[in-house]
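I opened the notebook to look at overall form first, then one annotated span, then one residue.

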Amino acid sequence: MWYHKPAINEELLQSLPNLKVVASSGVGIDHLDLKLLSSYGVKVSNTPFIVSTDTADMGMALLLASSRRLVEGHEMAVSPDTEYFPADWLGFEVSGATLGIVGMGTIGYKVAERAKAFEMKILYHNRNQRKKEEEAIGAVYCKKIDDLLQQSDFVLLAVNLTPQTHKLIGKRELELMKPTATLINISRGLVVDQDALVEALQNKVIKAAALDVTYPEPLPRDHPLLKLKNVIITPHIGSATKKTRWVMMEEMAESIEAGLAGLPVPREVL
């Protein structure tokens, strides 16, 4: 499976009685019905670890691009209508700012490592607190997400999409954030209530958003998010580097070969 295609539904499973394994690219499995697949005796694998470094890089890239208004700056610099650069055109400083990471798994932890190099204060919210030695990067645990939202200059989402995280960030959560805060999403589009996000951005409830994921993908061309100057949207490219995509394909092929041979499937999703 690549970009969630083909759709694995009951009709497809019935048409493939000899199917043994589904190898899905990336880490997310929200597009798969694991119980249905298991009922047909089909194993599932993904490629969770290889994507983490590039996705963490993407998270920091979006944070920096949004804070320093790089997209707007580029448009200004290349516009045929630009006659001068205004002195009061300003971004927001990153060094010393507070980053709140929602979801401190492998990707979230790597984002924290990068943020430390930028001398950021790091908060995180997770189902479970990380071990003390892992918190040596300077990350402070927030048991309640509300505490993180209220204190952070940047809120970065790095959670898996589950029933518990579906629209985790909605109107209430956005209103808890600082009016100078930026929301960064490198997880899944459905973790955020997009209608509430549009309203929050239009009404200056928060300052900006930087999104590598939306729902649907791509957004309809008339979607209001595409018209806002304080939004950066990229086409779900967190893992899109040549090396990582090559290794993802190798891992998928390895899982398929093992499944066909009746061997334990590497990176099997249970």
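I noted the ground rules. The model is predicted: local features need pLDDT of at least 70, side-chain atom pairs count only at pLDDT 80 or more, and totals for chains, interfaces and linings use all residues. Numbering runs from 1 along each chain as its sequence is written, and side-chain values use heavy atoms, without hydrogens or water.

Next I checked overall form. The C-alpha box is roughly 65 × 50 × 35 Å along the principal axes. I found 9 helices and 9 strands (DSSP runs: H or I, at least four residues; E, at least two). Buried residues come to 46% of the 270 (under 20% relative accessible area, 1.4 Å probe, protein chains only).

Then I looked up the record. An unreviewed UniProt entry lists residues 60–238 as "domain: D-isomer specific 2-hydroxyacid dehydrogenase NAD-binding"; such annotations may be inferred rather than shown by experiment. That span is 28% helix and 16% strand, and its end C-alpha atoms lie 11 Å apart.

Last, I picked L99. L99 sits in strand β3, residues 98–102. L99 is buried, at 0% relative accessible area. Beyond four places in sequence, its contacts (heavy atoms within 4.5 Å) include L63, V111, I122, F154 and L156.

Note on methods: Buried means under 20% relative accessible area, exposed over 50%, partly exposed in between (1.4 Å probe, protein chains only).
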